Amino acid sequence: MTQTLTQTQKILVTGATGTVGRQVVAELLARGHAVRALTRDAARADFPAGVEVVQGDLTDPATLIPALHGVTGLHLITFGGAYFAPLETGPRILEAARAAGVRRVTVLHGGGPSPLEDAVRADDGVDWTVLMPVEFMGNALEWAEGIVAAGEVREPFVSRLSAMVHEGDIGAVAAVALTEEGHGGQEYVITGPELLTVNDKVAALAAAGGREIALVELTEEQAVAQWRAAGHPEDVIGFLLQAYGDTPEVGRTVVDTVEKVTGRPARTFAQWAAEHADAFTPPPGGATA
């Protein structure tokens with residue numbers, strides 16, 4: 001782990017209200033850096049004290065110019081706008097960033113090719129780092145309703161393996177790459193410290209909540225019916241069948257990126273489960289299955 005160049009740097013975090021964006025903000029604050037959070041609706045943003053909230057839209061790079069003033073690092077996402085379409089504005093965003101004196105850029109990989117990520121990788125005017133996390137631990141929140149209501153998780157492919165990562169660790173890797181030297185031109189796959197089956201995850205949630213949780217294995221057909229009933233579009237269902245039925249090697253291979261970059265071990269799913277136990281706990285007088 002290298003040392004920060006200055007005691008305090010100002011970082012602009014786009015996608016700041018998202019799952020990872022909030023963690024990038026939190027990690028930068030914890031490290032003593034000034035944080036400017038970009039959102040399309042500043043009035044509805046909810047950030048800790050000390051975060052400067054600014055309004056802007058990645059689909060309109062001109063709105064970023066005031067937000068980039070005095071910034072040394074920039075965290076980017078690959079989609080934007082009301083419909084979360086892939087951003088085509090990467091070259092203009094990077095031009096504005098260079099003009100403002102931005103030195104480091106991180107981009108959160110969106111799971112596939114994207115014009116913005118291509119633009120970042122092709123830019124030799126900034127030190128860029130691509131963050132490539134595997135499955136988020138937060139995906140387990142999809143089970144909260146079933147656990148609270150019926151004390152069960154209903155899933156297909158329960159023996160599938162995942163090296164799922166704590167979102168806070170993604171934020172920590174981003175914070176280091178944005179404020180320290182030695183990470184330019186790097187592509188960081190980010191995982192948790194262990195391989196987990198669905199049963200392992202359910203057991204950890206049960207231990208954190210102090211109650212039994214049943215795991216009901218679904219057939220592929222039952223899973224598709226469940227996902228359709230939940231309103232998932234067909235392309236998402238196809239992705240889930242592929243990702244869960246034949247998890248890519250990168251998603252089931254533990255790597256030590258978190259420890260190498262941040263100097264501390266990656267957080268476990270048991271830690272995540274303890275932090276989020278309330279989400280899986282029935283309210284007083286509610287379900288007790």
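Mentor: Start with a term: a residue is called buried when its relative accessible area is under 20%, and exposed when that area is over 50%. Also keep in mind that this is a predicted model.

Trainee: OK, what share of the 289 residues in the chain is buried?

Mentor: Buried residues come to 46% of the 289.

Trainee: And how many helices and strands are there?

Mentor: The chain has 10 helices and 11 strands. Its radius of gyration is 20 Å, close to the 19 Å that the globule rule gives for 289 residues, so the chain is as compact as a globular protein of that length.

Trainee: What box do the C-alpha atoms fill?

Mentor: Roughly 55 × 40 × 35 Å, taken along the principal axes.

Trainee: Then the contacts. What part of those with a separation of 6 or more is between residues 24 or more positions apart?

Mentor: Such pairs account for 75% of them.

Trainee: What about the surface, how much of it belongs to carbon and sulfur atoms?

Mentor: The accessible surface is about 13,700 Å², and 52% of it belongs to those atoms. On charges, the chain has 20 positive and 37 negative ones, and their mean positions are 5 Å apart.

Trainee: Let's do single residues. Where is Asp 169?

Mentor: Asp 169 is in helix 5, which covers residues 167-179.

Trainee: Buried or exposed?

Mentor: Asp 169 is buried, because its relative accessibility is 0%.

Trainee: Which side chain does the Asp 169 side chain make a polar contact with?

Mentor: That of Arg 264, at 2.9 Å. Beyond its neighbours within four places in sequence, Asp 169 is in contact with Val 258, Arg 264, Ala 266 and Arg 267.

Trainee: Moving back from helix 5, what is in the loop between strand 9 and helix 5?

Mentor: Ser 162 is one of the residues there. Ser 162 counts as buried because its relative accessible area is 5%. Its side chain makes a polar contact with the side chain of Glu 135, at 2.6 Å.

Trainee: What else does Ser 162 touch?

Mentor: Leaving out residues up to four places away in sequence, Ser 162 touches residues including Glu 194, Leu 195, Leu 196, Lys 201 and Gly 251.

Trainee: I also marked Phe 157. What is its phi?

Mentor: Phe 157 has a positive phi of about 50°, although it is not a glycine. Phe 157 is also in the loop between strand 9 and helix 5, with strand 9 covering 152-155. At 24% relative accessibility, Phe 157 counts as partly exposed.

Trainee: New topic: where is Leu 38?

Mentor: Leu 38 is in strand 2, residues 34-39. With 4% relative accessibility, Leu 38 is buried.

Trainee: How far apart are Leu 38 and Ala 16 in space?

Mentor: Their C-alpha atoms are 6.0 Å apart, while in sequence the two are 22 residues apart. Ala 16 is also among the contacts of Leu 38, and others include Leu 12, Val 13, Val 54, Leu 58, Leu 64 and Ala 67.

Trainee: Last one, Gly 125. Which loop is it in?

Mentor: The loop between helix 3 (115-122) and strand 8 (127-133). Gly 125 counts as partly exposed because its relative accessibility is 43%.

Conventions. Residues are numbered from 1 along each chain as its sequence is written. This is a predicted model: local features need pLDDT of at least 70, side-chain atom pairs count only at pLDDT 80 or more; totals for chains, interfaces and linings use all residues. Side-chain values use heavy atoms; hydrogens and water are left out. Helices (H or I, at least four residues) and strands (E, at least two) are DSSP runs, numbered from the N terminus. Buried means under 20% relative accessible area, exposed over 50%, partly exposed in between (1.4 Å probe, protein chains only). A polar contact is a pair of N or O atoms within 3.5 Å; within protein, one must be able to donate a hydrogen and the other to accept it, and residues adjacent in sequence count only if both atoms are side-chain atoms. Contact means heavy atoms within 4.5 Å. The radius of gyration is taken over C-alpha atoms; the globule rule is 2.2 Å times the number of residues to the power 0.38. Accessible areas come from the Shrake-Rupley method with a 1.4 Å probe; for residues, only the protein chains shown count as cover. Lys and Arg count as positive and Asp and Glu as negative; His and the chain ends are not counted. The place of a charge is taken as NZ of Lys, CZ of Arg, CG of Asp or CD of Glu.
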